[in-house]
Amino acid sequence: MNNIRRLRQSILTLGLILLLAPPVVIAQRQSAATQDLSGQWRVQNGNPPAPEAWRDTLDDSLWQQLKVPANWYSEGLDHQGVLWYRTRFTLPILGADDMATLIFDGVDYQADIWLNNQQVGQHQGYFQRFSTDITDAARKDNLLAVRVDSPYEIPGKVWSFHKQLIKGVFNHHDTRPGGAWSDHGQDANSGGIWAAVASHISRGAVIDNILAVPDWSRGLQYPILQVSLDYRANRNRSVEMLLKLIPDNFIGPSYQLKQNVSLVASPRNAQRLTANFPLDNPALWWPSGQGKQNLYRLEVHFSDGLGTMDTAHVRTGLRQIVIDPQEQSWSINGKRLFIRGTNYIGSPWLGSLRPADYHRDLVMMQQANVNAIRVHAHVAGRALYDLADEMGILLWQDFPLQWGYDDSATFAEEAARQAADMTRQFGSHPAIILWSGHNEPPWDATWMQYRYPDWRPGINRALTARVAKVLSQDASRITHAYSSTGEHYWQGWYSGQKSDHLKPATNAIISEFGAQALPDLTTLKNFISGTDLWPKTTDKKDEGWRIWAYHNFQPHETFELAKVTRGTDINTFIANSQQYQASLIQLAAESYRRQRYQPVAALFHFMFTETWPSINWGVVDYLRHPKPGYFALQRAYQPVLPSIEPKTATWVPGQTGRIGLWAINDNWHDYPQASLHWEILQSGVMLSEGAQDINLMADSGQKVMELQITPRSDQTITVMSDILNHRGEVIGHNELQLQVQP
């Protein structure tokens with residue numbers, strides 16, 4: 001067993017050293033006609049009674065400078081409501097047939113746009129890329145003014161049960177500044193021009209968006225790539241459309257399709273154009289560990305007798321995702337895959353996340369054996385989706401609806417419009433395998449009746465259905481209409497006890513489970529000062545917990561439901577809190593993996609990282625330091641898992657208890673002539689050890705044996721189990737601590 005111990009150590013400590021690897025750099029080629037407008041812009045408060053600020057005669061030289069792109073809060077401006085942005089840029093003299101466009105990759109939340117004293121556009125919604133025509137207003141020297149409004153919603157009347165902003169976790173959640181249920185829950189507003197801004201010049205037409213999704217009706221070898229374009233044209237015209245599908249990260253054949261198409265005059269409002277692109281035996285995209293992440297670059301060219309008019313491109317991949325109607329299992333390209341997922345919010349301020357930041361988080365997830373991410377109740381920055389495509393990480397993509405909203409038909413239509421934007425703008429990413437609509441809608445979350453006096457059955461049901469209908473129009477993905485409270489397994493935190501996770505599950509999808517844990521003391525002291533580190537009591541009404549609650553800590557759940565003890569000092573409290581989180585994660589994740597396809601098919605832990613200086617459910621703190629829960633998740637999510645099932649709930653000295661030993665293999669290949677080994681120790685004394693030969697089949701789980709163990713004392717029992725392949729190499733290691741009553 002000594003060799004086994006050395007090998008198992010290499011498995012469990014594999015690399016956090018990989019975090020030192022250089023981040024992925026995503027190269028994006030820009031034509032000479034595209035100009036990046038990033039930089040220092042001028043900003044000024046626009047809340048009443050501030051005047052309009054779009055006129056070019058206005059002197060803005062004394063205005064504050066603010067970086068674009070960025071959320072204003074992350075740049076040091078704590079602001080709610082309206083902020084005026086202004087910048088100056090130059091353009092070449094336009095030809096008679098030229099079109100000039102401004103492209104915004106993301107403005108939170110409402111934008112009204114003026115160029116050279118003319119209002120040229122407006123937009124609502126924080127995550128969408130949008131374009132506006134500036135051909136008539138453009139000059140050589142230009143003044144751009146943008147009125148950005150990220151409103152503060154009136155507590156009680158609007159916020160938080162009748163919200164009117166479709167921002168998901170960014171204006172109501174229990175992991176954001178102020179928490180979900182206090183009057184400070186809208187602090188640290190996420191508003192601003194948080195993503196890139198550019199100008200673009202084309203001739204006669206402009207391609208605003210490309211959507212490419214596969215149709216598998218002819219089988220995996222002969223898909224049809226369904227291409228849908230959003231375009232604008234300055235007059236009715238016939239053009240040649242050329243589609244090129246070119247390998248982006250591998251060597252292989254390219255594909256080409258030419259069509260003559262008629263464009264409709266519509267310089268300001270996008271029109272739709274579709275094409276079916278049949279393919280012969282293209283390379284497929286596979287999840288990490290199951291195959292190559294083959295990606296293609298789809299180029300679209302408009303041209304006429306005078307040459308190129310506009311070009312655009314999108315990167316995509318070809319993969320099939322299917323859910324079995326009976327078993328509810330998920331299959332990728334015809335092969336069943338058990339989903340080991342986590343929930344993720346990178347930051348409350350998306351503009352602060354660089355591609356390198358997303359890459360760091362995704363590497364840590366892969367090292368924890370996570371193969372899927374639930375992008376929790378928000379749409380993230382575009383770099384996340386590019387990296388997931390490259391790294392082979394599957395994505396469950398939520399629409400940003402979190403809890404309660406305006407129940408009007410008008411609001412439901414606005415949500416449907418934005419849901420369509422999400423599917424069209426992000427639908428080319430092969431990593432996205434599922435769209436989900438509404439997280440814990442009020443009509444499903446009956447606990448809300450105790451928090452909101454005006455809760456009633458059926459509230460927001462029409463909203464949920466309207467968004468789900470839009471999402472379901474994408475036949476290339478799974479549609480999950482809403483994330484139900486019934487699939488959120490909060491035993492041991494909001495209800496019941498930790499051991500309840502050992503009971504049979506009733507859902508194929510478990511999209512949330514977990515517990516809070518304090519970060520290490522060094523991290524904690526960054527936002528909880530020394531004088532506030534030790535409230536007088538554990539009573540949730542103790543004023544000492546107020547600052548902790550602002551940073552998302554839940555004293556009632558910690559002390560009364562989870563029954564975590566503080567001990568006599570802060571270090572003991574931290575250790576107890578972290579141990580509770582880690583033990584719950586291991587117990588729950590292993591239990592549901594043992595129930596693979598009976599009924600559990602997909603499992604999403606909540607959640608991966610703390611998003612700001614916080615005390616919440618993250619297994620990684622906001623500085624990206626892993627807690628013990630991270631390593632518990634890493635063990636429980638091993639593709640080859642020697643799972644340990646504690647059959648006996650209470651261990652007592654001298655009384656025999658039972659332990660089940662399992663072998664689980666999520667990989668798509670067999671391990672013939674494998675073996676399962678175990679050691680069970682108490683105070684250095686071996687209570688049991690042995691080995692059992694097994695044939696571990698692909699995509700399988702089996703109970704190997706059940707052991708009877710008699711504790712000799714009240715000291716902790718340590719159970720260790722390993723799976724070895726036919727060469728004697730450790731391919732899975734696990735440990736479990738069993739507490740014995742005095």
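**View 1. Strand S24 pairs with strand S25 through 4 bridges, and the two run parallel.** Strand S24 covers residues 372-375, and Ala-372 has Leu-394 of S25 as its bridge partner. Strands count as paired if DSSP finds at least two bridges between them; strands themselves are DSSP runs (E, at least two residues), helices are runs of H or I with at least four, and both are numbered from the N terminus. This is a predicted model, in which local features need pLDDT of at least 70 and side-chain atom pairs count only at pLDDT 80 or more, while totals for chains, interfaces and linings use all residues. Residues are numbered from 1 along each chain as its sequence is written, and side-chain values use heavy atoms, leaving out hydrogens and water.

**View 2. Strand S25 (residues 394-402) is largely enclosed by the rest of the structure, because 9 of its 9 residues are buried.** Buried here means under 20% relative accessible area (1.4 Å probe, protein chains only). Leu-394, Trp-396, Asp-398, Pro-400 and Gln-402 point one way from S25, while Leu-395, Gln-397, Phe-399 and Leu-401 point the other way.

View 3. Right-handed means that, with the strands pointing away from the viewer, the path from the first strand over the helix to the second runs clockwise.

**View 4. Strand S26 (residues 432-439) runs parallel to S25, with 6 bridges joining them.** Look for Trp-396 standing opposite Leu-434 in S26. The chain passes from S25 through helix H4 (residues 409-426) to S26, a β-α-β crossover that is right-handed.

Definitions and conventions
Buried means under 20% relative accessible area, exposed over 50%, partly exposed in between (1.4 Å probe, protein chains only).
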